[in-house]
Amino acid sequence: MGLFDSLLGHGSSVDPADLKKRLDGVLIEGEQPQLAFRIVRDFFVFTQHRLILVDIQGMTGSKVEYTTIPYRAITRFSVETAGTFDLDSELRIWVSGSSTPIQRTLGKGSDVRGIQRALATGICR
């Protein structure tokens with residue numbers, strides 16, 4: 001399939017039907033989600049071309065923001081794991097042309113290492 005075949009199964013559970021519904025009309029021809037992580041209601045979706053951040057907003061979840069980051073635009077990223085008293089982890093992604101990173105809080109139980117591995121794999125290909 002693609003670069004992330006070896007990573008499949010390492011993310012938190014994502015309902016394939018929900019993922020397909022959320023990405024309908026977002027993916028380009030031939031593009032396939034290769035790895036997906038659920039962070040509370042939101043998704044991190046890794047395809048062979050880009051990272052798609054799906055931010056589900058509002059009480060009903062009908063308002064959705066899609067942020068696309070081509071791997072070639074990612075200049076660096078950092079992941080801060082949770083400590084003893086801090087249950088959340090932090091992810092920061094710097095994109096070329098912007099001095100401030102995209103920041104996401106990853107809740108307890110998130111596959112921080114899987115997300116980091118997927119980002120590194122996408123950037124280094």
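## Strands β3 and β4

Ile56 has Val64 of β4 as its opposite residue. In this predicted model, strand β3 covers residues 50–57 and runs antiparallel to β4, with eight bridges between the two.

Helix α1, residues 16–23, packs on the sheet to which these strands belong. The helix touches β1, β2 (42–47), β3 and β4, and its direction makes about 80° with that of β2.

## The four-stranded sheet

The strand order in this open sheet is β1-β2-β3-β4, and the pairing is antiparallel. The edge positions are taken by β1 (33–39) and β4 (63–70); each has a single partner strand, so one side of each is left without a neighbour in the sheet. On average, neighbouring strands here are turned by 15° against each other, direction ignored.

Between β1 and β2 there are six bridges, in the antiparallel sense.

The antiparallel pairing of β2 with β3 rests on four bridges. Phe44 has Leu53 in β3 as its bridge partner. Two residues make up the link in the hairpin that joins β2 to β3. As for cover, five of the six residues of β2 are buried, which leaves the strand mostly covered.

Val14 belongs to the segment before α1. Is Val14 buried or exposed? Its relative accessible area is 18%, and the cut-off for a buried residue is under 20%, so Val14 counts as buried.

Which residues does Val14 touch, leaving aside its neighbours within four places in sequence? The contacts are Leu19, Ala36, Phe37, Arg38 and Phe43. Val14 and Ile39 are separated by 25 residues in sequence, and their C-alpha atoms lie 9.6 Å apart in space.

## The three-stranded sheet

A further open sheet consists of three strands in the order β5-β6-β7, with antiparallel pairing. β5 (74–80) and β7 (102–106) form its edges; each has a single partner strand, so one side of each has no neighbour in the sheet. Neighbouring strands are turned by 15° against each other on average, again with direction ignored.

Strand β6, residues 89–95, is joined to β7 by five bridges, and the two run antiparallel. Within this pairing, Ser89 has Leu106 of β7 as its bridge partner.

## Helix α2 and the two sheets

Helix α2 spans residues 112–123. Which strands does α2 lie across in the sheet of four? These are β1, β2 and β3, and the helix runs at about 145° to β1.

In the sheet of three, α2 lies across β5, β6 and β7. Its direction there is at about 165° to β5.

Methods. Residues are numbered from 1 along each chain as its sequence is written. This is a predicted model: local features need pLDDT of at least 70, side-chain atom pairs count only at pLDDT 80 or more; totals for chains, interfaces and linings use all residues. Side-chain values use heavy atoms; hydrogens and water are left out. Two strands pair if DSSP finds at least two bridges between them. Axes are lines fitted to C-alpha atoms, for helices over the stretch in contact, and angles run from 0 to 180 degrees between N-to-C directions. Contact means heavy atoms within 4.5 Å. Buried means under 20% relative accessible area, exposed over 50%, partly exposed in between (1.4 Å probe, protein chains only).
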